[in-house]
Amino acid sequence: MTGDLIRCGWRGMAGDPLYEAYHDSEWGVPEYDSRALWEKLVLDGFQAGLAWITILRKRDAFREAFAGFDPDVVAPFGEAERAALMANPGIVRSNAKIDAAIAGARIYLDMREQGEDFSQFIWSFTNGRVVQNQWSEIGQVPAQTRVAEEMSKALKAKGFKFVGPVIVYAFMQAVGVVNDHLTCCHRHEQVKRLVR
């Protein structure tokens, strides 16, 4: 019975099936696929100033609008595609965030062209290892860390936007670079065992 499970104490999650399913099956699971990592980074950029549940509810529309977050398809987006995105009520319509997503696809492809794998780049900041944290209360979980600051700086140097250290740390948590499930949460030990 999922209602009896102990979860991290995220505001607004209790009783929301979509939010609980995301917490229980996705958040904190180590992700190594470059495309999937880029998708999550873009979505976290769109989250800036908003609650994650807002993006989660719009995620299917985002995936449709951004061609499944395929960088090869998104990178050539021009004025027509950009205008369609700005007219799409299913996504967050922000000129700056849409421009950042399209530019991010081009940077992703540039990295690949130079022989730099996006997944290896992301995981290099922890030497390919998951940081296993041991927080017992939600108030102990930091908003950012030194590693998030380093990753943020490196992403910005490549030209990525909406990658400040707070956004980057949320990204690191979501894709399992760090395990920030609380120790009392039923997912803490499960996620810990998923490490390569």
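Mentor: We will go from the whole chain to single residues, and the model is a predicted one.

Trainee: How many helices and strands does the protein chain have, and in what pattern do they follow one another?

Mentor: The protein chain has 10 helices and 2 strands. Along the sequence the pattern reads α-α-α-α-α-α-α-β-α-α-β-α.

Trainee: What does the radius of gyration say about the protein chain?

Mentor: The value is set against a rule for a compact globule. For 196 residues that rule gives a radius near 16 Å, and the protein chain has 17 Å, so the two agree. The C-alpha trace spans about 50 × 35 × 25 Å along its principal axes.

Trainee: How do I read the nonpolar core?

Mentor: In soluble globular proteins, nonpolar side chains tend to be buried together. Here the largest nonpolar core has 58 residues, and Phe66, Phe118 and Met172 touch the most other members. Several elements give two or more residues to this core, among them helix 1 (17-25), helix 2 (34-47) and helix 9 (165-174). Helix 6 gives the most, with 8 residues.

Trainee: Which residues is Phe118 in contact with, beyond its neighbours in sequence?

Mentor: Leaving out neighbours within four places, Phe118 is in contact with Ser34, Leu37, Trp38, Leu41, Tyr108, Met111, Leu155 and Phe160.

Trainee: How do I read contacts between parts that lie apart in sequence?

Mentor: Take the contacts with a separation of 6 or more: residues 24 or more positions apart account for 68% of them. Leu56, in helix 3, gives one case. Beyond four places in sequence, Leu56 touches Leu18, Tyr19 and Tyr22. Leu56 is buried, because its relative accessible area is 5%.

Trainee: Where is Glu31, and is Glu31 buried or partly exposed?

Mentor: Glu31 sits in the loop between helix 1 and helix 2. Its relative accessibility is 29%, so Glu31 counts as partly exposed. Glu31 and Ala174 are 143 residues apart in sequence, while their C-alpha atoms are 8.8 Å apart in space. Leaving out residues up to four places away, Glu31 touches Ala36, Leu37, Trp123 and Val175.

Trainee: What should I look for in phi?

Mentor: Most residues other than glycine have a negative phi. Ala67 has a positive phi of about 50° although it is not a glycine. Phe69 also has a positive phi, near 55°. Ala67 lies in the loop between helix 3 and helix 4 (71-74), and Phe69 lies in the loop between helix 3 and helix 4.

Trainee: Which relative accessible areas do Ala67 and Phe69 have?

Mentor: Ala67 has 33%, so it is partly exposed. Phe69 has 0%, so it is buried.

Methods: Residues numbered from 1 in each chain as written. Predicted model: local features only at pLDDT ≥ 70, side-chain atom pairs only at ≥ 80, totals over all residues. Heavy atoms only, no water. Helix = DSSP H or I, 4+ residues; strand = E, 2+ residues; numbered from the N terminus. Rg over C-alpha atoms; globule rule 2.2 N^0.38 Å. Contact = heavy atoms within 4.5 Å. Core = buried A, V, L, I, M, F, W, Y, C linked by side-chain atoms within 4.5 Å. Buried < 20%, exposed > 50% of the residue type's maximum accessible area, 1.4 Å probe, protein only.
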